[in-house]
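Here is a short briefing on one protein model. It covers a strand pair, a pocket and the nonpolar cores.

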Amino acid sequence: MKSANEIWRDMLSELENEVSAVSFDVWIKTLEPLLVDEKNRLVLVATNEEHKAKVNSGHKITLKLVAQKVAPFLSGIAVIEAGEKELYSGGAAVATENKPAPNYAVGTPINPKYNFEEFVVGKCNEFTVAAAHAVSEAPGSKFNPLFVYGGTGLGKTHIMHAIGNSLLLSHPEKKIIYVSSEKFLNDFITSIGNSKESQTSFRDKYRSADVLMIDDIQFISGKERTQEELFHTFNDLHDAGKQLVFTSDRPPAEIPDLEERLRSRFEWGLITDIQPPDIETRIAILKKKANKLQCNIPLDVLTFMAEKIENNVREMESLLNKVVFLSGLTKRPPSVELVRETLKDYRNVTDEKVRPEIIIDCVCKYFGITKDELLGKKKTKEVVEPRQICMYLMADLTNMPLETVGNICGGRDHTTVMHARDKIERLMPTSERIKNGVTDIKSMIYKK
């Protein structure tokens, strides 16, 4: 049986790697373990009300998960201030190891760093975030299943973990299973290759969940037996009012080789997508990340990074991490030039690697015109708008001077390129046709 002091000592060893050095020294290490109360909670004493509020608002999920890792019998954490210690003077008995552990996360561990507080909300994801909040507040009663889809690196997995972390706090008694589709598939393959008891164990595990979350569900495409097992698991859980959450890189209707009956189940609840964030949201994401890294980065540098990586938040954050690391290593302040030096390692970068001939080819294919028409002298609406979008994209996606863009686009003057660039930029916020055209052509370019 561990004492409160022993539990806290073990927790500190783990927490040192989970939070920033400043947070650890200022807010975590200064807590004092008091006892384990009758509710199986580790009671920690903060120095004052401000200290208590800071720990409860910013670190309680992390503290709870680490506490249950080092002492599985704990049900949670209670943080009090020094003046409240006398409330525990009666000396609640320290819980024993024989008490049952709560049914919290099973399967892939839920990362405490991925919570709703750390998720930057913008127009690209606000509906999905609202739906995820609703699911975490009342699992099984709203949006069941919740099906979230979107491109790589846009935050689908973060949303999954955020739901899990919220449920761990609000519904600690519930059994939450979060797995990748690969893990679900591997568990199923292992079970059918072993005894009947193993198959029963697999079904008992997944069908006893209160909340089942499966990431990247598109990878069960073509796996007939796995789809059948998931179909029956889905039915059992849904009929029992249990919550199901899935993520994918595409909506159910576009997942190939997916059984129609399973596709239908995915469409029962709410299907919502996460779009690539706009420039303002990308800057906000980078600013929040930089603050967490305790690094003061000028706004023009954050803006430059946000402009260079548009479609993958994960890669954008990775770029920031590398810039901060190089800045500390070389003793150089974060700058646009330092960012330029790191861009070569990122495949989704918007820079000179986007060749003008690719832009021309994609514009022609999108609008159904020939290269001669695009770059020629005709001034009909059918070619003028595509030509202006082509010049806008060259100016936006490459580092070429406007004079060079003009030469490539049929020997036009740089002022013509400037006019085209500014016109498309001005029209995009108000014209769905222009905005969708630019977005779709960019997607075509990035797939080249």
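How many bridges join β6 to strand β7, and do they run parallel or antiparallel? Five bridges join the two strands, and they run parallel. The model is a predicted one.

**Strand pair**
- β6 spans residues 176-180, and β7 spans residues 211-215.
- Four of the five residues in β6 are buried, so the strand is mostly covered by the under 20% relative accessible area cut-off.
- Val179 stands opposite Ile214 in β7.

**Second largest pocket**
- This pocket holds about 1400 Å³ of space.
- Its lining counts 48 residues.
- Lys113, Tyr114, Glu118, His158 and Lys292 lie nearest the pocket centre.
- Elements that give two or more residues to the lining are α2 (21-28), α3 (49-58), α4 (60-70), α6 (156-170), α11 (279-292) and α13 (313-330).
- α6 gives the most, with seven residues.
- By class, the lining splits into 18 nonpolar, 18 polar and twelve charged residues.

**Nonpolar cores**
- In soluble globular proteins, nonpolar side chains tend to be buried together.
- The largest nonpolar core here has 47 residues.
- Leu146, Ile163, Met213, Ile297, Met305, Leu320 and Val339 have the most contacts inside this core.
- Beyond its neighbours within four places in sequence, Leu320 is in contact with Leu286, Lys289, Ala290, Leu293, Ile297, Leu302 and Met305.
- A second, separate core has 30 residues, including Val363, Cys364, Ile389 and Val417.

Key: Residues numbered from 1 in each chain as written. Predicted model: local features only at pLDDT ≥ 70, side-chain atom pairs only at ≥ 80, totals over all residues. Heavy atoms only, no water. Buried < 20%, exposed > 50% of the residue type's maximum accessible area, 1.4 Å probe, protein only. Pairing = 2+ DSSP bridges. 1 Å grid on protein atoms, 1.4 Å probe; cavity = no way out; pocket = protein on both sides within 12 Å on 5 of 7 lines; lining within 4 Å. Points joined across faces, edges and corners; volume = space filled by probe spheres on them. Nonpolar A, V, L, I, M, F, W, Y, C, P; charged D, E, K, R; others polar. Core = buried A, V, L, I, M, F, W, Y, C linked by side-chain atoms within 4.5 Å. Contact = heavy atoms within 4.5 Å.
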